[in-house]
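Visitor: Hi, I have just opened this one and would like a slow walk through it. Could you take my questions as they come?

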Amino acid sequence: MTIIQVILTAFVVLIAVYMYVRLRTTLFDLLLILVFAGAGVFFVIFPNTTTRIAHFVGVNRGADMIFYLAILFLLFLVLKLYARIRRLEQQFTELVRDRVEAEVNKK
(Lines give C-alpha, C1' and ligand atoms only; values in the text may rest on other atoms or scores of the structure.)
Protein backbone atom coordinates (compact mmCIF):
# COMPACT_ATOMS: atom_id res chain seq x y z
CA MET A 1 0.00 0.00 0.00
CA THR A 2 1.38 3.38 -1.01
CA ILE A 3 1.35 6.55 1.07
CA ILE A 4 -1.37 8.17 -1.05
CA GLN A 5 -3.58 5.12 -0.57
CA VAL A 6 -3.19 5.41 3.20
CA ILE A 7 -3.99 9.14 3.08
CA LEU A 8 -7.02 8.68 0.82
CA THR A 9 -8.33 5.75 2.86
CA ALA A 10 -7.98 7.77 6.06
CA PHE A 11 -9.85 10.71 4.48
CA VAL A 12 -12.65 8.46 3.22
CA VAL A 13 -13.06 6.93 6.68
CA LEU A 14 -12.93 10.35 8.38
CA ILE A 15 -15.53 11.76 6.00
CA ALA A 16 -17.78 8.73 6.58
CA VAL A 17 -17.51 9.06 10.36
CA TYR A 18 -18.14 12.81 10.17
CA MET A 19 -21.20 12.31 7.96
CA TYR A 20 -22.55 9.63 10.28
CA VAL A 21 -22.12 11.85 13.32
CA ARG A 22 -23.72 14.83 11.55
CA LEU A 23 -26.54 13.07 9.68
CA ARG A 24 -27.53 9.98 11.67
CA THR A 25 -31.15 10.59 10.86
CA THR A 26 -32.28 7.42 9.14
CA LEU A 27 -31.10 3.93 8.47
CA PHE A 28 -31.06 4.79 4.76
CA ASP A 29 -28.51 7.58 5.39
CA LEU A 30 -26.30 5.18 7.33
CA LEU A 31 -26.49 2.55 4.58
CA LEU A 32 -25.73 5.16 1.92
CA ILE A 33 -22.70 6.38 3.88
CA LEU A 34 -21.44 2.82 4.36
CA VAL A 35 -21.89 1.95 0.67
CA PHE A 36 -20.07 5.06 -0.57
CA ALA A 37 -17.30 4.77 2.03
CA GLY A 38 -16.85 1.07 1.31
CA ALA A 39 -16.72 1.71 -2.44
CA GLY A 40 -14.28 4.57 -1.92
CA VAL A 41 -11.93 2.49 0.23
CA PHE A 42 -12.19 -0.43 -2.19
CA PHE A 43 -11.34 1.73 -5.21
CA VAL A 44 -8.45 3.37 -3.36
CA ILE A 45 -6.95 0.05 -2.32
CA PHE A 46 -7.62 -1.67 -5.68
CA PRO A 47 -7.26 1.08 -8.34
CA ASN A 48 -6.98 -1.38 -11.24
CA THR A 49 -10.53 -2.47 -10.55
CA THR A 50 -11.83 0.93 -11.62
CA THR A 51 -9.93 0.64 -14.90
CA ARG A 52 -11.44 -2.77 -15.58
CA ILE A 53 -14.94 -1.50 -14.79
CA ALA A 54 -14.30 1.59 -16.93
CA HIS A 55 -13.26 -0.55 -19.90
CA PHE A 56 -16.36 -2.69 -19.37
CA VAL A 57 -18.69 0.34 -19.55
CA GLY A 58 -16.78 1.98 -22.42
CA VAL A 59 -14.62 4.56 -20.66
CA ASN A 60 -10.86 4.57 -21.28
CA ARG A 61 -9.56 5.23 -17.75
CA GLY A 62 -10.83 4.43 -14.29
CA ALA A 63 -10.12 7.95 -13.11
CA ASP A 64 -12.34 9.35 -15.86
CA MET A 65 -15.16 7.02 -14.85
CA ILE A 66 -14.85 8.10 -11.21
CA PHE A 67 -14.86 11.75 -12.35
CA TYR A 68 -18.04 11.25 -14.41
CA LEU A 69 -19.76 9.49 -11.52
CA ALA A 70 -18.68 12.23 -9.13
CA ILE A 71 -20.19 14.88 -11.41
CA LEU A 72 -23.48 12.98 -11.55
CA PHE A 73 -23.48 12.53 -7.77
CA LEU A 74 -22.78 16.23 -7.19
CA LEU A 75 -25.59 17.15 -9.60
CA PHE A 76 -27.90 14.89 -7.58
CA LEU A 77 -26.82 16.63 -4.37
CA VAL A 78 -27.41 20.08 -5.87
CA LEU A 79 -30.92 19.09 -6.96
CA LYS A 80 -31.65 17.58 -3.55
CA LEU A 81 -30.47 20.76 -1.78
CA TYR A 82 -32.51 22.91 -4.18
CA ALA A 83 -35.63 20.88 -3.40
CA ARG A 84 -34.98 21.24 0.33
CA ILE A 85 -34.52 25.02 0.02
CA ARG A 86 -37.78 25.28 -1.96
CA ARG A 87 -39.63 23.29 0.72
CA LEU A 88 -38.20 25.53 3.47
CA GLU A 89 -39.23 28.64 1.55
CA GLN A 90 -42.79 27.35 1.25
CA GLN A 91 -42.92 26.51 4.97
CA PHE A 92 -41.52 29.92 5.86
CA THR A 93 -44.07 31.66 3.62
CA GLU A 94 -46.94 29.74 5.23
CA LEU A 95 -45.62 30.55 8.69
CA VAL A 96 -45.37 34.28 7.94
CA ARG A 97 -48.82 34.27 6.31
CA ASP A 98 -50.39 32.55 9.34
CA ARG A 99 -48.72 34.97 11.71
CA VAL A 100 -49.90 38.02 9.74
CA GLU A 101 -53.45 36.65 9.64
CA ALA A 102 -53.34 36.05 13.39
CA GLU A 103 -52.18 39.63 14.02
CA VAL A 104 -54.85 41.07 11.71
CA ASN A 105 -57.58 39.05 13.43
CA LYS A 106 -56.27 40.14 16.82
CA LYS A 107 -56.84 43.85 16.04
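Visitor: How many aromatic pairs does the structure hold?

Guide: The structure holds five aromatic pairs, and please keep in mind throughout that this is a predicted model. One of the pairs joins Phe-42 and Phe-43, whose ring centres are 5.7 Å apart and whose planes stand at 65 degrees, so this pair is edge-to-face.

Visitor: OK, switching to charges. How many salt bridges are there?

Guide: The structure holds three salt bridges. One of them is between the side chains of Arg-61 and Asp-64, with an N to O distance of 3.0 Å.

Visitor: Where does Arg-61 sit?

Guide: Arg-61 is in the loop between helix 3, which covers residues 47–57, and helix 4, which covers residues 62–106. The meeting of the Arg-61 and Asp-64 side chains also counts as a polar contact, at 3.0 Å.

Visitor: How far is Arg-61 from Arg-84?

Guide: Along the sequence they are 23 residues apart, and in space their C-alpha atoms are separated by 35 Å.

Visitor: Back to the salt bridges, what does Glu-89 pair with?

Guide: Glu-89 forms a salt bridge with Arg-86, and the closest N and O atoms of the two lie 3.8 Å apart. Both residues are in helix 4, and because they are three residues apart there, about one helical turn separates them. Glu-89 is partly exposed, at 42% relative accessible area, and Arg-86 is partly exposed as well, at 40%.

Visitor: What about Glu-103, which residue does its side chain meet?

Guide: The side chain of Glu-103 meets that of Arg-99 in a salt bridge, with 3.6 Å from N to O. These two are four residues apart in helix 4, so the separation is again about one helical turn. Glu-103 counts as partly exposed, at 43% relative accessibility, whereas Arg-99 is exposed, with a relative accessible area of 60%.

Visitor: Let me jump to the start of the chain. Is Gln-5 buried or exposed?

Guide: Gln-5, which lies in helix 1, is buried, because its relative accessible area is 13% and buried means under 20%.

Visitor: Which residues is Gln-5 in contact with, beyond its neighbours in sequence?

Guide: Leaving aside neighbours within four places in sequence, Gln-5 is in contact with Val-44, Ile-45 and Pro-47. With two of these there are polar contacts to the backbone: a polar atom of the Gln-5 side chain lies 2.9 Å from the backbone oxygen of Val-44, and the Gln-5 side chain also reaches the backbone oxygen of Ile-45, at 3.4 Å.

Visitor: Which residues make the nonpolar surface patch?

Guide: The patch, of about 880 Å², is made by Ile-3, Ile-4, Ile-7, Leu-8, Phe-11, Ile-15, Tyr-18, Met-19 and Leu-23. As a landmark among them, take Ile-15, which is found in helix 1, a helix that covers residues 3–23.

Visitor: Last one. How far is Tyr-18 from Asn-105?

Guide: Their C-alpha atoms are separated by 47 Å, and the two residues are 87 residues apart along the chain. Tyr-18 is one of the residues of the nonpolar patch, while Asn-105 has its place in helix 4 and counts as exposed, at 65% relative accessibility.

Key:
Residues are numbered from 1 along each chain as its sequence is written. This is a predicted model: local features need pLDDT of at least 70, side-chain atom pairs count only at pLDDT 80 or more; totals for chains, interfaces and linings use all residues. Side-chain values use heavy atoms; hydrogens and water are left out. Patches are made of residues with over 30% relative accessible area and no salt bridge: like charges are joined within 9 Å, nonpolar side chains (Val, Leu, Ile, Met, Phe, Trp, Tyr) within 5 Å. Accessible areas come from the Shrake-Rupley method with a 1.4 Å probe; for residues, only the protein chains shown count as cover. A salt bridge is a side-chain nitrogen of Lys or Arg within 4 Å of a carboxyl oxygen of Asp or Glu. A polar contact is a pair of N or O atoms within 3.5 Å; within protein, one must be able to donate a hydrogen and the other to accept it, and residues adjacent in sequence count only if both atoms are side-chain atoms. Buried means under 20% relative accessible area, exposed over 50%, partly exposed in between (1.4 Å probe, protein chains only). Contact means heavy atoms within 4.5 Å. Rings of Phe, Tyr and Trp (its six-membered ring) pair if their centres lie within 6.5 Å; planes under 30 degrees apart count as stacked, over 60 as edge-to-face and the rest as tilted.
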